[in-house]
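Hi there,

Here is the structure I promised to pass on to you. Have a look at it first, and then read my notes below.

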Amino acid sequence: MEDLIRFIAKDVLTKKELRNLDEEFVIERIKIFLKKHKRIKEKLEQRKQFNLKRAKEYKEIIKAVRAELREVYGVFILKEHFKLGELLDKLRKNPCLENHNKILESHKSSKERLPYYALVYKRIFEIIGVPKRIVDLGCGLNPFSYPYIKFKPEYVACDLAKKDLEFIKEYFKIMRIKGVIKRVDLAKDCQDKLKEIIKKEDVVFLLKTVDSLEAIKKNISKDLLRSIPARFIVVSFSTKSLGGKKRIRRERRTWFERFVKKLGYKITIFEIPGEIFYVLTKQA
Ligand SMILES: C[S@@+](CC[C@H](N)C(=O)[O-])C[C@H]1O[C@@H](n2cnc3c(N)ncnc32)[C@H](O)[C@@H]1O
């Protein structure tokens with residue numbers, strides 16, 4: 001079965017928008033799918049020697065796993081993302097703000113935030129002060145917004161997309177930023193890993209990532225928030241639906257507000273068009 005699962009994972013990853021994800025994460029999702037769909041698992045085992053790709057069940061699993069990965073990753077990838085290598089080369093030759101912006105524009109979340117980055121960081125650091133280290137969970141391409149921060153914190157970039165993280169590593173090198181990358185699957189049991197990575201005085205970013213995690217497993221972000229030992233956490237949510245037409249009302253986040261208060265955090269809220277920020281602070 002292991003070989004078969006690997007074969008399916010490789011096929012799932014041939015979709016262009018998913019190719020920066022790593023195989024192990026896809027294998028994990030396939031295993032979870034097969035656990036829930038025993039009939040498909042049996043059929044695939046029977047068919048594994050011949051005509052596998054033509055089996056109805058094969059098409060079904062490919063479609064379902066791709067749909068899930070699209071929701072947590074692919075949907076944020078814009079056309080320019082496929083040129084990330086080229087964009088990084090340009091930045092290497094000329095590390096001006098414009099070349100940073102071009103990279104930020106290749107990911108939906110940072111593109112939407114782009115006109116407001118300076119303002120967002122100003123607000124955040126007015127509230128929490130100047131931290132030594134930022135740990136960015138589900139970072140996407142947000143580390144490329146480093147020039148907007150205006151001081152020089154250490155930066156820990158965590159995501160599940162290994163190849164994106166490699167670009168970020170290269171970026172840290174080019175800009176001589178004291179930064180590291182960590183491949184972390186936040187939907188998996190990663191509490192020990194987070195306790196190892198995050199220190200009490202760090203500021204943790206969880207920008208537009210909670211909804212992606214909840215799409216995989218309901219309430220998973222509660223476990224995640226519980227396992228973050230930091231005094232400062234910045235969580236943001238999109239206030240627009242993915243299609244951009246509907247506004248997501250703040251009432252939908254009352255579960256979140258109630259939960260973090262229970263954890264002992266004080267909440268400060270601010271908004272920019274399309275995004276709401278919760279700056280969470282705990283007494284020392
Ligand atoms: C909507 S994007 C936000 C990116 C970035 N935080 C920003 O706001 O610019 C969600 C990010 O979460 C990451 N992600 C989704 N599920 C994850 C998981 N289980 N573990 C780690 N990262 C995950 C995706 O790869 C993607 O980069």
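**Starting with one lysine**

Leaving aside its neighbours within four places in sequence, Lys240 is in contact with Arg247, Ile248 and Gly274. Contact here means that the C-beta atoms of two residues, placed from the backbone, lie within 7 Å. Before going on, please note that this is a predicted model, in which local features need pLDDT of at least 70 and side-chain atom pairs count only at pLDDT 80 or more, while totals for chains, interfaces and linings use all residues. Residues are numbered from 1 along each chain as its sequence is written.

Lys240 sits in the loop between β5 and α13 (254-262). The element names come from DSSP runs numbered from the N terminus: helices are H or I runs of at least four residues, and strands are E runs of at least two. With 14 C-beta neighbours inside 10 Å, Lys240 counts as partly exposed. On this scale a residue is buried if 20 or more other C-beta atoms lie within 10 Å of its own, exposed if 12 or fewer, and partly exposed in between, with C-beta atoms placed from the backbone. Between the C-alpha atoms of Lys240 and Leu119, which are 121 residues apart along the chain, the separation is 20 Å.

**The sheet**

In what order do the strands of the open sheet run? There are seven strands, in the order β3-β2-β1-β4-β5-β7-β6, and the pairing is mixed. β3 (179-183) and β6 (266-272) stand at the edges with a single partner strand each, so one side of each has no neighbour in the sheet. From one strand to the next, the twist averages 15°. Two strands count as paired if DSSP finds at least two bridges between them. As background, strands of a sheet pair through backbone hydrogen bonds, either parallel or antiparallel.

Let's walk through some of the pairs:

- β1 (residues 133-137) and β2 (residues 154-159) are parallel, with five bridges. Arg133 stands opposite Glu154 in β2, and Asp136 has Ala157 of β2 as its bridge partner.
- β2 and β3 also run parallel, joined by five bridges. Here Tyr155 has Gly179 in β3 as its bridge partner.
- β1 and β4 (203-207) pair in the parallel sense over three bridges, and Asp136 stands opposite Phe205 in β4.
- β5 (residues 232-238) and β7 (residues 275-281) are antiparallel, over seven bridges. In this pair Ser238 stands opposite Glu275 in β7.

Are β1 and β2 mostly buried or exposed? Four of the five residues of β1 are buried, so β1 is largely enclosed by the rest of the structure. β2 is mostly covered too, with five of its six residues buried.

**Helices against the strands**

Helix α8 (residues 117-128) lies across β4, β5, β6 and β7, and runs at about 20° to β7. For such angles, axes are lines fitted to C-alpha atoms (for helices, over the stretch in contact), and the angle runs from 0 to 180 degrees between N-to-C directions.

β2, helix α9 (residues 162-175) and β3 make a right-handed β-α-β unit. Right-handed means that, with the strands pointing away from the viewer, the path from the first strand over the helix to the second runs clockwise.

Arg92 is found in helix α5 (residues 84-93). Arg92 counts as partly exposed, with 14 C-beta neighbours inside 10 Å.

**Two lysines with positive phi**

Lys150, in the loop between β1 and β2, has a positive phi of about 75° although it is not a glycine. Lys208, in the loop between β4 and α11, has a positive phi of about 50° and is not a glycine either. Which of them is buried and which is exposed? Lys150 is exposed, with 11 other C-beta atoms within 10 Å, whereas Lys208 is buried, with 22.

**Around the ligand**

How many residues surround the ligand? There are 21, and the closest are Ser109, Gly138, Gly140, Leu186 and Leu207. A residue belongs here if its C-beta atom, placed from the backbone, lies within 6 Å of the molecule. The elements that give two or more residues to this shell are α7 (108-113) and α11 (210-216). The shell divides into 11 nonpolar, seven polar and three charged residues. In this count Ala, Val, Leu, Ile, Met, Phe, Trp, Tyr, Cys and Pro are nonpolar, Asp, Glu, Lys and Arg are charged, and the others, Gly among them, are polar.

Happy exploring!
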